[in-house]
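Student: I have just opened this structure and would like to be walked through it. Could we begin once it is on the screen?

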Amino acid sequence: MNEIVFTPFTHEEMVAGVHAIAAAIEAEGWRPSLLVGVGRGGLAPSVYLSHRMDLQLVSVDHSARIAPFGTELVAVLAARTRAGAHLLFIEDINDSGKTIGEIRAALAAESAVDANIRFAVLLDNSLSAQRVDYRYRAIDRSVTKDWFVFPWEAMAPREKLAAEAMEVPERIA
């Protein structure tokens with residue numbers, strides 16, 4: 001097995017990414033009614049984007065897997081899309097697509113209007129099973145094997161980061 005290459009995704013890159021995503025949304029003329037930060041990785045960039053675009057923000061806690069923090073909010077969000085609200089979900093990375101796929105499936109199960117839902121990420125793996133609407137930077141996991149460490153992850157022990165990286169070994173091998 002190759003050694004894991006940890007590459008910092010700096011605070012400056014995050015700020016540039018938030019500005020780029022906001023500019024792409026504004027250029028398109030689509031305006032979200034509400035931002036949805038996806039816990040944990042999407043929380044920091046969603047707060048920045050909320051301030052940048054002067055939009056309200058809620059968070060859906062996907063990573064904790066505690067049902068009331070995700071499932072009840074998903075039902076409320078789906079109802080909002082049926083009433084015409086535009087939702088923008090924010091995540092740090094679309095790597096395998098697992099998180100975004102699970103959120104899309106949960107929203108669909110609650111009869112959300114798909115046309116009113118979009119996703120934005122700082123890093124987007126072009127080989128992901130899921131597509132996003134807005135990205136700061138694209139990577140190709142067949143070429144880029146680095147494990148990106150976002151500013152909010154910098155406090156985590158290296159062993160924890162390595163374990164997360166190894167959850168899908170082919171991403172980094």
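Student: Where does isoleucine 4 lie?

Tutor: Isoleucine 4 is in the segment before S1; helices (H or I, at least four residues) and strands (E, at least two) are DSSP runs, numbered from the N terminus. Please note that this is a predicted model, in which local features need pLDDT of at least 70 and side-chain atom pairs count only at pLDDT 80 or more, while totals for chains, interfaces and linings use all residues. Residues are numbered from 1 along each chain as its sequence is written, and side-chain values use heavy atoms, with hydrogens and water left out.

Student: Is isoleucine 4 buried or exposed?

Tutor: Isoleucine 4 counts as buried, at 13% relative accessibility. Buried means under 20% relative accessible area, exposed over 50%, and partly exposed in between (1.4 Å probe, protein chains only).

Student: And what is isoleucine 4 in contact with?

Tutor: Leaving aside neighbours within four places in sequence, isoleucine 4 is in contact with Trp147, Ala162, Ala165, Met166 and Ile172. Contact means heavy atoms within 4.5 Å.

Student: Which residues of helix H5 are buried?

Tutor: In helix H5 (residues 158–165), Leu161, Glu164 and Ala165 are buried. They are on the same side of H5, because they cover an arc of only 100° around the axis. The arc is that of the directions from the helix axis to the C-beta atoms. These buried residues pack against strand S1 (6–8) and strand S7 (147–149).

Student: Changing topic, which residues touch the most other members in the largest nonpolar core?

Tutor: They are Ile21, Ile25, Leu49, Leu88, Leu123, Tyr134 and Phe150, in a core of 21 residues. At least two residues each come from helix H1 (11–28), helix H2 (43–53), strand S4 (87–94), strand S5 (117–125) and strand S6 (134–139). H1 gives the most, with five residues. A nonpolar core is a set of buried Ala, Val, Leu, Ile, Met, Phe, Trp, Tyr and Cys residues joined through side-chain atoms within 4.5 Å.

Student: What does phenylalanine 150 contact, apart from its neighbours within four places in sequence?

Tutor: Phenylalanine 150 is in contact with Phe9, Asp92, Ile93, Leu122 and Leu123. There is also a second, separate core of 18 residues, with Leu34, Val74, Leu77 and Ile103 among them.

Student: Back to H2, then. Which of its residues are buried?

Tutor: Pro45, Ser46, Leu49, Ser50 and Met53 are buried in H2. They fall within an arc of 145° when seen down the axis, so they line one face of the helix. Their packing partners are H1, strand S2 (34–39), strand S3 (57–61), S4 and S5.

Student: What follows H2?

Tutor: Aspartate 54 follows H2, and its phi is positive, near 55°.

Student: How many salt bridges are there in the whole structure?

Tutor: A search finds nine salt bridges. A salt bridge is a side-chain nitrogen of Lys or Arg within 4 Å of a carboxyl oxygen of Asp or Glu. In one of them, arginine 52 pairs with glutamate 26, with the closest N and O atoms 2.8 Å apart. This pair links distant parts of the chain, as arginine 52 is in helix H2 and glutamate 26 in helix H1, 26 residues apart.

Student: How about aspartate 124: which residue is its salt-bridge partner?

Tutor: Its partner is arginine 135, with the closest N and O atoms 2.7 Å apart. Aspartate 124 belongs to strand S5 and arginine 135 to strand S6, 11 residues apart. Aspartate 124 is buried, at a relative accessible area of 3%, whereas arginine 135 is partly exposed at 34%. Elsewhere, salt bridges that share partners join Arg40, Lys160 and Glu164 into one network.

Student: Finally, how far apart in helix H4 are glutamate 102 and lysine 98?

Tutor: They are four residues apart in helix H4 (residues 98–109), which means a separation of about one helical turn. Lysine 98 counts as exposed, at 52% relative accessibility, while glutamate 102 is partly exposed, at 28%.
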